[in-house]
Amino acid sequence: MKNTEHDIWLAGGLRTPFAKIDSKLSNYGAIELSVRVAQAMTSERTLSRPDLMIWGTVAPNLGYSNIAREVLMDAQLDQSIPAFSTTMAC
């Protein structure tokens, strides 16, 4: 078996807080909360441009098919960045 070296890069992430449905964050939707996280992750003090965007959600909204793409657009990030969504309940 041939052993080749590959660079592996991991990027730290941020997340929105857990909150009850009737809490102070109840007026904000998943995209509104996510946009602020995406903007913070790509601010000047962090990574300026990600190569790939993977966005997770617990309960997807049927109003959009790919929350990652919606967040990318609403955060005014580079539209050429590939973006896909994943769903995983804790």
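The chain holds two helices and two strands, which follow one another along the sequence in the pattern α-β-α-β; helices (H or I, at least four residues) and strands (E, at least two) are DSSP runs, numbered from the N terminus. This is a predicted model, in which local features need pLDDT of at least 70 and side-chain atom pairs count only at pLDDT 80 or more, whereas totals for chains, interfaces and linings use all residues. Residues are numbered from 1 along each chain as its sequence is written, and side-chain values use heavy atoms, with hydrogens and water left out.

The axes of α1 and α2 (residues 67–74) come within 9 Å and cross at roughly 60 degrees, so α1 is oblique to α2. Axes are lines fitted to C-alpha atoms, for helices over the stretch in contact, with angles from 0 to 180 degrees between N-to-C directions; angles under 35 degrees count as roughly parallel, over 145 as roughly antiparallel, 65 to 115 as roughly perpendicular and the rest as oblique.

Of the 90 residues in the chain, 22% are buried, where buried means under 20% relative accessible area, exposed over 50% and partly exposed in between (1.4 Å probe, protein chains only). Two residues illustrate these classes:

| Residue | Relative accessible area | Class |
|---|---|---|
| Leu 52 | 44% | partly exposed |
| Trp 55 | 11% | buried |

Leu 52 is found in the loop between α1 (30–41) and β1 (53–57), while Trp 55 lies in strand β1. The C-alpha atoms of Trp 55 and Val 71 are separated by 8.5 Å, although these residues are 16 apart along the chain.
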